[in-house]
Amino acid sequence: MDIFPALIGVLSDPLLMGWVLLAAIVGMIVGAIPGLTASAAIAMLLPLTFYMEPLPALAFLYVIGKSGRYGGSIAAILFNTPGTAASAATQLDGYPLARQGKASKAMKVATISSVIGDFTGEILLIAGVAWIAAIALKLGPPELFAVNFAAFIVIGSVIGKSVTRGLASAALGILVAMIGLDPISSTERFTFGSFDLTNGIGLVPLMIGIFVLGEVFAQIEERGKPTELVQGGHDAARDGLTWAEYKPCLPHVARSSFIGAFIGMLPGLGSAIAAFVAYGEGKRRARNLDEWGHGALEGVAAPEAANNAVSGPSMAPLLTLGIPGSTIGAILIGVFLIHGIQIGPTMFLTSRDLVYALFACGLIGIVMYGVIGYYGAAFVGRFITRIPTRVLYPVIFLTSFVAAYTSRGNLFDVYVMVAAGFAGWAMRKLDFNPAAFVISFVLAGGAEETFRQSLLLSDNGLMIFVTRPVALIFLLIGCLALALRVRSLNRQSRAAAVTS
């Protein structure tokens, strides 16, 4: 197995271990800050990786994503405010436990469950990703375009509450990606005579604007809402967890880990859907049904295991097909491109050692945030309450400006970031989906390239996508996902109409 030499190599590199440790701490703190997501932190720290070697850069951001997913449980349990969207499921039982003086017990359950779920997902990724890449190598341009098409449809229709707004967000991302020079003819597209637009819209300022500034604007709008540690949080920090208390959680953790891993492999679904699916399935099978929603430890364990199990498998479509399975994956594409690493199935031929070293960093990062979280989650919670938002968000705001400018040393990127910030804030207000927008923006270039290559190979125009069986299957998968999503939303609206 390639992973064992990679683990030895990472453990023997003190500098790399330091970056992994720093990422585990930063991700946990960022995830625990209400309203600030791991995606926002990664987007803001992305320019820092320009000056790092490829492996430390990728490992740093990858582990922040992992620990940030876990860190959201701290805010959900202590503040009744989910630090991430996926932690909203943890909040249902985590906060009632905190109100009962069992905050530390709930956080320990969340930590252990997150670690088990994350390990499960990472092991499945390590075991299966090379096999998936070997299959992907056999795909030609028509098949790759069909995969991208299916990803656009799935991401646009599944993410968010509205199919129409989700697809519109994806379409807008494609449209923005087309700004600049045509890759074949080099003619200008959508530049409106602006020289700055001929190089297209930069990925870094766009992501900083959408994820960081957009979130800051949303938090400014909701200013004045106090964030207080739950009563008894300090005393509860000494509240331990016994094996007898955690043992009933194990079946839920095992089942939820596989639920999260499966959902993580599907582009666009993400950890929030995995957490709520796992919570619903756990509640359906629960023996202590009356306790769920009122302080069941299993109600914390199930969503946390699923939430973090998404992390590893969500990298599979990114590494094998170049399709990000999550917003964090979309940002990591920027790191690969910055360091000249070609993502896709050939990556396992050209950069195999790098890939498995990244997996090794992921495994070590899980252990690090698990140990830190088990013994220090309550301290992190108290630390966050001492950071005034009037200080925190201006610092984030100014850091974003510096990060956007340093990406290419171009003032125009700062203007792009500000515009993207307002666009991200407006998307949140109007229920459009920033994640679908950014992922589609990242995918658009590759999709256009494979589409044009397919037409050059074809003697029958668009019929090449129908006559190639694998391409046709992926096109049908995208259409089927859209139909099922529309059907599900129609059922929900009918059920809501009946209950009202």
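The expected span is 1.5 Å times one less than the number of residues in the helix. Helices here are DSSP runs of H or I with at least four residues, strands are runs of E with at least two, and both are numbered from the N terminus. The model is predicted: local features need pLDDT of at least 70, side-chain atom pairs count only at pLDDT 80 or more, and totals for chains, interfaces and linings use all residues. Residues are numbered from 1 along each chain as its sequence is written, and side-chain values use heavy atoms, with hydrogens and water left out.

The buried residues of α2 are L16, M17, V20, A23, A24, G27, M28, V30, G31 and A32. Buried means under 20% relative accessible area, exposed means over 50%, and partly exposed lies in between (1.4 Å probe, protein chains only). These buried residues pack against α1 (3–11), α3 (38–45), α4 and α18 (352–385); contact means heavy atoms within 4.5 Å. An α-helix has 3.6 residues a turn, so residues three or four places apart point the same way.

## Helix pairs

The axes of α2 (residues 14–32) and α4 (residues 54–79) come within 5 Å and cross at roughly 30°. Axes are lines fitted to C-alpha atoms, for helices over the stretch in contact, and angles run from 0 to 180 degrees between N-to-C directions. α2 and α4 are therefore roughly parallel to each other; angles under 35 degrees count as roughly parallel, over 145 as roughly antiparallel, 65 to 115 as roughly perpendicular and the rest as oblique. The crossing of α2 and α4 is right-handed. A crossing is right-handed if the near helix is turned clockwise from the far one by less than a right angle, and left-handed if anticlockwise.

Helices α12 (residues 250–264) and α14 (residues 297–309) pack at about 30°, with axes 7 Å apart, and are therefore roughly parallel. Their crossing is right-handed. On the α12 side, H252, V253, S256, S257, G260 and A261 take part, and they meet E298, A301, A302, A305, A306 and A309 of α14. For α9 and α16 (residues 327–338), the packing angle is about 155° and the axes are 10 Å apart, so this pair is roughly antiparallel. α9 passes α16 in a left-handed crossing. L203, M207 and F211 of α9 make the contact with T327, A330, I331 and G334 of α16.

Helix α5 (residues 87–99) has 13 residues, which at 1.5 Å a residue should span 18 Å; the end C-alpha atoms are 17 Å apart, which agrees. A kink of about 35° lies at D93, shortly before the proline P96. The bend at a residue is the angle between axes fitted to the seven residues ending there and the seven starting there. Buried residues in α5 are S87, A89, T90, Q91, D93, G94, Y95, L97 and A98. G101 follows α5 and has a positive phi, near 85°.

A106 lies in helix α6 (residues 103–136) and counts as buried, at 0% relative accessibility. Leaving aside neighbours within four places in sequence, A106 is in contact with I77, G94, L97, L297 and V300. A106 and I74 are 32 residues apart in sequence and 9.3 Å apart in space, C-alpha to C-alpha.

## Loop residues with positive phi

F190 is not a glycine, yet its phi is positive, about 55°. F190 sits in the loop between β2 (188–189) and α9 (203–221) and is partly exposed, with a relative accessible area of 39%.

D431, also not a glycine, has a positive phi of about 65°. The loop that holds D431 runs between α20 (411–429) and α21 (434–457). D431 is partly exposed, with a relative accessible area of 47%.

S169 is in helix α8 (residues 163–177) and is buried, with a relative accessible area of 1%. Not counting residues up to four places away in sequence, S169 touches F432, N433, A436 and F437.

L472 belongs to helix α23 (residues 469–499) and is partly exposed, with a relative accessible area of 29%. Beyond residues up to four places away in sequence, L472 touches F465 and V466. L472 and T164 are 308 residues apart in sequence and 24 Å apart in space, C-alpha to C-alpha.
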